[in-house]
Amino acid sequence: MRAIMTALLLAAISASGADSFPPVAELPSRPAAPDPLVMLDGTPVSTKTDWFQKRRPELKALFQHYMYGSFPPPAKVTGKVTYTDPHFFDGKATLKLVTISLGESPAPQVHLLLVIPNRRQAAAPVFLGMNFTGNHTLVADTHVPVPTAWMLPELTHVVEGRATEAGRGEAVDTWALEQSIDRGYAVATYFCGEVEEDRSNAEGGVRELIQVPRAADDWGTIVAWAWGMQRVMDYLTTDPDIDSQRIALVGHSRLGKAAILAGAFDDRAALIIPLQAGCGGTAPSRGQIGESVKRINTSFPEWFCRVFKQFNDQPERLPFDQNCLIALCAPRPVLLGAAAEDTWANPAGAFEMLQAADGAYRLTGADGLAASTMPSTNQLVDSNLGFFIRPGKHSMTRGDWKLFLDFADKHLVSTPRGGTRPTGGHE
């Protein structure tokens, strides 16, 4: 009976797309995480061709309809360098400040902080990620402006929803830019609120100015942030100082959710590092530890599409879990990071998601996860599917970046690419 029902579901999807997806109540209950290598109708995926031509597109459609919301098409971006300092970090780096327009006016503008090592023989690999507190908090240089976009009021040195000069340099260790420069990597970052504000009544972001959500499966904030990362990649691929084949996406917590989603849907990301991304990112929706689907949808209703709320009390009906999102990145390297005291993000569950994505990696001809059990603290599993857990709480630290760099040293030299073309988040 279940096989007949899932076959009918797949037929409906193939015939008409997301408009014909069945109601959540009609989806079969699956207590265990669905296998990335089994189609919705139960057909095994046994070849690399079937993975890329059938199952991968199916999974992308399912994630967009039932969880994150749909990606809009790419927009044409333009970038203008507004400031350059070739003597940054005592001459070790060049600082560029770039204003990137995410489409035609009145589209939002992103203010990118780009730091590039000077001691290099060729274009530099780059870590790209959003920050929570504004570029000015990552450096002491007063040429880096304080952002004017709305910011979470509970953050330090934020007054009435706006960042202040008092926060300058307070997050130097969070991003540890000079450490990356010393290792030969560029870093590109910008404030997430310039793409979309982190609140339910967001104003002036891409969901208002690019494509207003109307349908129940239109994009939520996580997709908006992921789409913005893809547009910044559009700009970085035009910068001759940046190696467009070696772009690593990085993000912490909710921004880690956006990083893994952006990388899963855009093959130009050569390496993806979602740190402590938790529920809705790299931890299982079916998990019994930490944040639940119901809790995250209640606390942050704008992050996901409206359809996802229907899984609040029945996450076992999801036709995928986050192992399938990791699998969408295959064969590209993915590193998950966790903290021992951060049980809310379910470190053990995230490791299980890596284990459950391993088969898809090996089907594509890439190595998967080398560890059969979760490693001890401060041990980096540096296989193609990588993992580490460190002492401490929910945060991004200089020590985390050291492990990011170690992982990149091994995997960002020559990285296999997923699929056959950049998707830019839209198929």
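Tutor: C324 counts as buried, because its relative accessibility is 0%. Buried means under 20% relative accessible area, exposed over 50% and partly exposed in between, with a 1.4 Å probe and protein chains only. The model is predicted, so local features need pLDDT of at least 70 and side-chain atom pairs pLDDT 80 or more, while totals for chains, interfaces and linings use all residues. Residues are numbered from 1 along each chain as its sequence is written, and side-chain values use heavy atoms, with hydrogens and water left out.

Student: How many disulfides does a search of the whole structure find?

Tutor: A disulfide is a covalent bond between the sulfur atoms of two cysteines. The test here is a pair of cysteine sulfur atoms within 2.5 Å. Searching the whole structure gives zero disulfides. For C192, which is in no disulfide, the nearest cysteine sulfur belongs to C279 and is 19 Å away. C192 is buried, as its relative accessible area is 3%. C324 is likewise in no disulfide: the nearest cysteine sulfur is that of C329, 12 Å away.

Student: How many helices and strands are there in the protein?

Tutor: Helices (H or I, at least four residues) and strands (E, at least two) are DSSP runs numbered from the N terminus. The protein has 12 helices and 11 strands. Its radius of gyration is 20 Å, close to the 22 Å from the globule rule for 427 residues, so the protein is as compact as a globular protein of that length. That radius is taken over C-alpha atoms, and the rule is 2.2 Å times the number of residues to the power 0.38. Along the principal axes, the C-alpha atoms fill a box of roughly 70 × 45 × 40 Å. Of the 427 residues, 59% are buried.

Student: In what order do the strands of the open sheet lie?

Tutor: Two strands pair if DSSP finds at least two bridges between them. The open sheet has nine strands in the order β1-β2-β3-β7-β4-β8-β9-β10-β11, and its pairing is mixed. At the edges are β1 (78–87) and β11 (385–390), each pairing on one side only. From one strand to the next the twist averages 20°. Angles run from 0 to 180 degrees between N-to-C directions, on axes that are lines fitted to C-alpha atoms, for helices over the stretch in contact. β10 (residues 334–339) pairs with β11 in the parallel sense over six bridges, and L335 has G386 in β11 as its bridge partner.

Student: Which helix packs on the sheet and touches β1?

Tutor: Contact means heavy atoms within 4.5 Å. Helix α7 (residues 221–236) packs on the sheet and touches several strands, including β1, β4 (124–131) and β9 (269–275). The direction of α7 makes about 150° with that of β4. Helix α8 (residues 254–264) lies across β4, β8, β9 and β10, at about 145° to β8.

Student: Which way do the residues of β7 point?

Tutor: In a regular strand the side chains alternate between the two faces of the sheet. From β7, A186, A188 and Y190 point one way, and V187, T189 and F191 the other. Six of the six residues of β7 are buried. β3 and β7 run antiparallel and are joined by three bridges, with V115 opposite V187. β4 pairs with β7 in the parallel sense over six bridges, and there V187 is the bridge partner of F127.

Student: Where is D198 placed, and with which side chains does the D198 side chain make polar contacts?

Tutor: A polar contact is a pair of N or O atoms within 3.5 Å; within protein, one must be able to donate a hydrogen and the other to accept it, and residues adjacent in sequence count only if both atoms are side-chain atoms. D198 sits in the loop between β7 and α6 (206–209), and it is buried because its relative accessibility is 9%. Its side chain makes polar contacts with the side chain of R254 at 2.5 Å and with that of W303 at 3.1 Å. Leaving out residues up to four places away in sequence, D198 touches W150, L152, W225, R254, E302 and W303.

Student: Is G134 buried or exposed?

Tutor: G134 counts as buried, because its relative accessibility is 0%. It lies in the loop between β4 and β5 (158–159). Apart from neighbours within four places in sequence, G134 is in contact with P147, M151 and F191.
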